[in-house]
Amino acid sequence: MKRIKIKQLLVTEPKGQQVTVQGWVRTFRNNQFIAINDGSTIQNIQAVVDFNNTEESLLKRITTGACISVTGELIPSPAKGQTVEIKAAQVEILGDSDPEKFPLQPKMHSLELLREIAHLRSRTNTFSAVMRIRHAMAYAIHKFFNDRGFYYIHTPIITGSDAEGAGAMFRVTTLDANNPPKGEDGKVDFKEDFFGRETNLTVSGQLEGETYALALGEIYTFGPTFRAENSNTTRHLAEFWMIEPEMAFYDINDNMQLAQEFLQYLVRYALKHCAEDLEFLNKRAQEEEQSKPQDQRSELSLLDRLKFVSENDFQRLSYTEAIEILKNSTPNKKKKFQYLIDQWGVDLQSEHERFLVEKHFKKPVILYNYPAEIKAFYMRQNEDGKTVAAMDVLFPGIGEIIGGSQREERYERLLKRVQELNLPEKELWWYMDLRRFGSAPHSGFGLGFERLILFVTGMTNIRDVIPYPRFPGNAEF
């Protein structure tokens with residue numbers, strides 16, 4: 001008999017029909033009640049075994065973690081919390097699981113432990129919920145842009161350019177690490193390498209994305225990016241996914257509007273299509289909050305934060321206005337901020353961003369017109385000579401979730417900035433060509449996919465919203 005997913009069975013009217021379900025055993029109680037989960041939903045379905053007429057050798061193999069197939073009658077369930085169950089007629093073991101060695105017993109496990117067994121953690125309620133939401137968000141991203149006429153462009157993972165100018169990149173090479181070829185100056189001769197030059201894993205698809213925006217109009221990228229930063233924090237990964245739209249004929253205001261519509265669309269999609277998983281994660285987050293000191297607890301639950309974003313227009317204000325608010329704020333005056341705000345031009349930290357969102361405005365915030373000195377070379381220079389047309393979207397509980405800008409479309413202005421920062425002009429020749437041949441005003445932004453999932457799921461560590469996290473000292477699995 002063809003297998004039916006548990007998600008479908010749980011909403012099927014029980015009429016004694018014969019069904020087959022296949023999945024993994026979560027619990028087996030009293031040699032009679034099997035809780036089975038197949039990953040299609042956070043809910044288990046219960047199969048009831050007639051243990052008096054089932055071989056003892058088979059009953060012993062129905063253990064937590066084992067994979068089984070159950071065929072039987074779908075009947076109304078007398079138990080609380082479930083509408084249907086299966087009266088098992090046949091149980092087949094598809095894959096045994098030694099109960100003495102299986103590390104996921106039916107009890108609470110710490111997230112740290114689960115990272116050490118990341119190949120099995122997707123069988124827990126928490127991680128199956130997170131990964132179903134991750135899938136839904138990936139689909140919603142493509143749907144949002146497709147429905148608005150954007151084109152999906154695959155930008156290269158191996159690149160010779162450093163879009164951020166930060167230098168924290170992973171090198172790609174086929175040269176012998178113990179005996180690389182060297183030139184007369186004693187330096188490694190990358191002309192002997194596979195690509196004939198020095199190459200790295202990409203930190204961003206933005207620059208390549210701009211080339212297609214200035215031909216197709218509106219494009220987006222969605223792919224893996226890499227940062228070789230030694231950042232052991234709850235918000236950084238060495239390998240993560242980025243969504244980067246680039247739009248011709250958009251100014252900074254158009255860019256801010258698209259960012260707001262995009263984020264609100266994604267949050268509303270999650271609330272509508274992931275309600276069951278979000279309800280579970282909301283309860284999980286509330287339990288976690290109870291273990292924190294009162295002054296560290298969030299004022300909003302996970303579901304409240306999601307509704308907060310979906311229902312409020314985003315507050316827009318300039319960096320300069322934000323600095324004045326922060327300088328005069330109570331936490332700054334009472335020296336409660338870890339990084340005090342004492343002058344214009346400083347880079348804002350997460351604590352400042354969250355204060356603006358959660359305490360001052362009580363709504364999502366978009367900051368724009370940042371000091372040129374703390375932003376990347378490609379951002380459009382404003383006429384005041386001090387700021388660039390950059391924008392960041394700030395969210396409750398997380399701080400910056402999107403960073404973007406209107407791009408500098410004027411050749412001479414961009415060339416001067418490249419020279420001021422001593423960036424390699426020879427490597428950027430193709431990017432500069434965009435400003436020489438039919439340049440146009442254009443804008444774009446980047447959204448770290450894992451930052452989005454962190455916000456939507458209420459998880460507190462970014463290592464727990466990606467299947468296999470990569471961070472300093474760890475490339476397991």
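## Exercises on a predicted model

Thr159 is buried, at a relative accessible area of 6%. Keep in mind that this is a predicted model.

**Exercise 1.** Work out where Thr159 lies and which residues it touches, leaving out those up to four places away in sequence.

*Solution.* Start with the secondary structure: Thr159 belongs to strand β7, residues 158-159. Next, list the contacts: Thr159 touches Met169, Thr199, Asn200, Leu201, Thr202 and Glu208. Then look at the side chains: those of Thr159 and Glu208 make a polar contact at 3.5 Å.

**Exercise 2.** Trace how β2 pairs with β1 and with β3.

*Solution.* Take β1 (residues 18-29) to begin with: β1 and β2 run antiparallel and share five bridges. One spot to check is Val25, whose bridge partner in β2 is Ile36. Now the hairpin of β1 and β2: three residues sit between the strands, and Asn30 has a positive phi near 55°. Move on to β3 (residues 45-48), which pairs with β2 in the antiparallel sense over four bridges. Here Ile36 turns up again, with Ile45 as its bridge partner in β3.

**Exercise 3.** Is strand β2 largely enclosed or open?

*Solution.* Go through residues 33-37: four of the five are buried, so β2 is largely enclosed by the rest of the structure.

**Exercise 4.** Are Cys67 and Cys274 buried or exposed, and how many disulfides does the structure hold?

*Solution.* The cut-off for buried is under 20% relative accessible area. Cys67 comes in at 17%, so call it buried. Cys274 has 7% relative accessibility, so that one is buried too. As for disulfides, the count is zero.

Terms used. Residues are numbered from 1 along each chain as its sequence is written. This is a predicted model: local features need pLDDT of at least 70, side-chain atom pairs count only at pLDDT 80 or more; totals for chains, interfaces and linings use all residues. Side-chain values use heavy atoms; hydrogens and water are left out. Buried means under 20% relative accessible area, exposed over 50%, partly exposed in between (1.4 Å probe, protein chains only). Helices (H or I, at least four residues) and strands (E, at least two) are DSSP runs, numbered from the N terminus. Two strands pair if DSSP finds at least two bridges between them. A disulfide is a pair of cysteine sulfur atoms within 2.5 Å. A polar contact is a pair of N or O atoms within 3.5 Å; within protein, one must be able to donate a hydrogen and the other to accept it, and residues adjacent in sequence count only if both atoms are side-chain atoms. Contact means heavy atoms within 4.5 Å.
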